[in-house]
Amino acid sequence: MNNTRIPELRRDQGWTQEKLSFESGVGLRTVQRLEAGQDASLESLALIANALSVSVTDLFQPSDEMDETDRLESLDRRIEEQQAARNRTLRAWRMLYIGVGIAVTILSFPLGGAAAAIIIAYWSGGLIAIIALQRIVLEPRLDEKYPLSRQPNRSQKKRGAPVLTEK
């Protein structure tokens with residue numbers, strides 16, 4: 001086997017060799033051997049092509065045959081798809097917080113005087129907790145899962161500067 005386009009296609013996805021190995025179900029060593037130009041089974045090639053969303057023949061097509069505009073459009077499309085998926089996940093977290101808050105508020109009314117304390121505790125303490133969980137747990141996982149997406153900079157949000165959004 002000669003040179004393949006696997007390293008180029010993998011980098012276009014924003015993936016490491018480890019990520020390609022995980023997404024394709026092919027061993028890391030196999031990915032490394034393929035990128036070094038060594039032989040592999042057709043099954044391994046098919047799994048890698050499937051993970052990269054290309055045909056097996058596209059793994060061997062010389063890169064200069066691909067139009068630069070097509071490559072940029074493909075990258076833009078992947079960025080938009082990953083950003084949209086990230087935004088949906090973040091929106092789901094916010095909706096979960098709001099939904100639980102509404103339930104807590106409604107269920108607190110029969111408690112009388114304690115209701116106000118419970119409601120205030122949930123909406124203020126819960127907000128702090130959800131922000132902390134989002135920054136400590138969720139955002140690093142989203143960065144790993146969607147490497148081409150970005151968390152909008154908080155200062156950009158405040159100034160009204162353009163940020164990547166879901167279409």
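Predicted model: local features only at pLDDT ≥ 70, side-chain atom pairs only at ≥ 80, totals over all residues.
Local features need pLDDT of at least 70 and side-chain atom pairs count only at pLDDT 80 or more, while totals for chains, interfaces and linings use all residues. Residues are numbered from 1 along each chain as its sequence is written, and side-chain values use heavy atoms, with hydrogens and water left out.

**Exercise 1.** Determine how the rings of tyrosine 97 and tyrosine 122 are arranged.

*Solution.* Step 1: rings of Phe, Tyr and Trp (its six-membered ring) pair if their centres lie within 6.5 Å; planes under 30 degrees apart are stacked, over 60 edge-to-face, and the rest tilted. Step 2: the two ring centres are 5.3 Å apart and the planes stand at 20 degrees, so this pair is stacked. Step 3: tyrosine 97 lies in helix 5 and tyrosine 122 in helix 6 (residues 114–145), 25 residues apart; helices are DSSP runs (H or I, at least four residues), numbered from the N terminus.

**Exercise 2.** Classify the aromatic pair of tyrosine 97 and tryptophan 123.

*Solution.* Step 1: the distance is 5.3 Å centre to centre, with 80 degrees between the planes; the pair is edge-to-face. Step 2: Tyr97, Tyr122 and Trp123 form one aromatic cluster.

**Exercise 3.** Decide whether tyrosine 97, tryptophan 123 and isoleucine 102 are buried or exposed, or in between.

*Solution.* Step 1: buried means under 20% relative accessible area, exposed over 50%, and partly exposed in between (1.4 Å probe, protein chains only). Step 2: tyrosine 97 has 11%, and is therefore buried. Step 3: tryptophan 123 has 29%, so this residue is partly exposed. Step 4: isoleucine 102, at 45%, is likewise partly exposed.

Technical notes:
Helix = DSSP H or I, 4+ residues; strand = E, 2+ residues; numbered from the N terminus.
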